[in-house]
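Open the model in your viewer and keep the selection tool at hand. The stops below say what to select and what is there.

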Amino acid sequence: AAIGDLSSCRCRWCKEQNPRQPWIDEQTVRVEVTFVTYNPHYGLYTYVGTSFLFNRGGHIHKLINVMSARANPMDRPLPVLVPMVAGGIIWVSVILYVFVGEFRELISTIRNRPQNTSMWTAFKDYLNIWNVVDWTSVAVAIIIFNLFAMMRLHVGAANTEFAAIMEASTRAADNDITRQEYEDTLTKFYTAVEQMVLSEKNFRLGLFCYPSIIMCRLFKSFHAQPRLAIVTKTLERATEDLIHFGIVFFCVFFCLVVNSILFFGQDIEGFTTLPRAVNSCFRAMFGDWDFGMMAEIGLLKAQIWFWSFMLIMVLILLNMLLAVIMDAYTEEKARARTAMSLKDQSFDILRRYRQFKRGERVRLNDIWAVFEEEYKGDVKAMLADDRMIKVSFLTENVRHLQPKQAKRTLENSLAKYESMKEAEVTEEKKLHGIRDNAKKVEMRIETMMEDMEYMAQRMQYYDRMQANGDPEYDFHFGGEGRSATEASQ
């Protein structure tokens, strides 16, 4: 046959060796057998790789990896395809909206920065945690879109090579193709399928990361509602304590991990290496352990390590971690007790919308725009200004603003400002303030003591001075036996 006798070995590696030798010997570490299947009913390529791993003890480990990809990702039933396409269009639209909004805000911050202020300073004023989340979501979305485009290109290449290999198989049946041409076509097909399934895997990995970004954006939305923002504010309040506690926690955890490797590393597979031991100890912290397997090294040794780990990590440190978080949560919960609930806020938003449609009120964004225009876009200077604002000022400068709404807006703003100032003063900040004031008092006392010591030295110096002829000196320090009148003359 043109492509060779199929009943004989088609591997030419053995024949090319000098001296000739088998392709599996005592130096072989890994053998991989790969094949591709195609399911025409689902239009699905399946790339199956079976690896045989040879260790020096003679055992052969088997590892099977199966990766699949559709020949046409858009070939779906209509009830599935329409929501998928509609969701994709909405997603792209939302990403474009976020990108345009953040870009405009960035350009506005840079353009309206005060004079003698560098662009980097303006950029730092713009940059905050929520803006970082927005830009991260845009960046990850662009990466996902590129991964999808690459996957589509590789799917097209695999389909082209699949048609080529079908044609080559037909020509091989007619003895119209050489063995080398057939092998080259087969190699291209396998390479195209491998790139296709890997690109599909990378695309899924990108999609795996995106829900975490959505979660962060949800936290940004929750930050606008005081009751929903308790979680983020709790973590924000407990951050400093969590950092200090984390140092102690991970130091103790790492020491116990090293102990587990020394105790169980030679007998239990889950403790043979540092990454495996870290994972096994972390699972043991949450109740997933096999004490029977641990006891195989010796019941007493297993009890010593297990009791130490449970007492220190679970009963002490984990409960201390919960105490740190719950302490911050209790403080934030107490501050939010008077905050408006989500239900009340929804009705309030609906009421404002109806009043705005009837022309009975103006939007808060319109009031903000008036102040922003007055300060020429310098929001930082606008917020730093401590001038008093009256109802008359708002009604004169904001179109269609009624005095009733202006008064209510100022009262709500003042209440919000006072609550924010009160929330900023935590117990820790109070202690820091007391400590700073005590240091200032101590410094002032030291300064006063130094001044008094200096005055005492000056007084002693003047007491020792002689001023003959001075009536006052002669009056106080005149010779004995002389009257005051005589001494003063």
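In this tour a residue is called buried under 20% relative accessible area, exposed over 50% and partly exposed in between, with a 1.4 Å probe and protein chains only. The model is predicted, so local features need pLDDT of at least 70 and side-chain atom pairs count only at pLDDT 80 or more, while totals for chains, interfaces and linings use all residues. Residues are numbered from 1 along each chain as its sequence is written, and side-chain values use heavy atoms, leaving out hydrogens and water.

Begin with the whole protein, coloured by secondary structure. There are 17 helices and three strands, taken as DSSP runs (helices H or I, at least four residues; strands E, at least two) and numbered from the N terminus. Of the 489 residues, 23% count as buried. The protein exposes about 35100 Å², of which carbon and sulfur atoms supply 61%; accessible areas come from the Shrake-Rupley method with a 1.4 Å probe, and for residues only the protein chains shown count as cover.

Next, the aromatic rings. Rings of Phe, Tyr and Trp (its six-membered ring) pair if their centres lie within 6.5 Å; planes under 30 degrees apart are stacked, over 60 edge-to-face, and the rest tilted. The whole structure holds 22 aromatic pairs. Select Phe99 and Trp135: their ring centres are 5.8 Å apart and their planes stand at 90°, so this pair is edge-to-face. Phe99 belongs to helix α2 (residues 78-111) and Trp135 to helix α4 (residues 129-173), 36 residues apart, so that the pair links distant parts of the chain. Phe99 is partly exposed at 35% relative accessible area, and Trp135 is partly exposed at 25%.

Now select Tyr38, Tyr45, Phe162, Phe189 and Tyr190, which ring pairs link into a cluster.

Move to Lys301 and Phe263. The charged end of Lys301 sits over the ring of Phe263, 5.3 Å from its centre; the criterion is NZ of Lys or CZ of Arg within 6 Å of the ring centre and within 35 degrees of the ring normal.

Select helix α9 (residues 299-335), where Leu311 is found. At 45% relative accessibility, Leu311 is partly exposed.

The last stops are in loops. Asn175 lies in the loop between α4 and α5 (179-222); its phi is near 55°, a positive value in a residue other than glycine. Which loop holds His400? His400 is in the one between α13 (391-397) and α14 (403-424). His400 also has a positive phi, about 65°, although it is not a glycine. At 57% relative accessibility, His400 counts as exposed.
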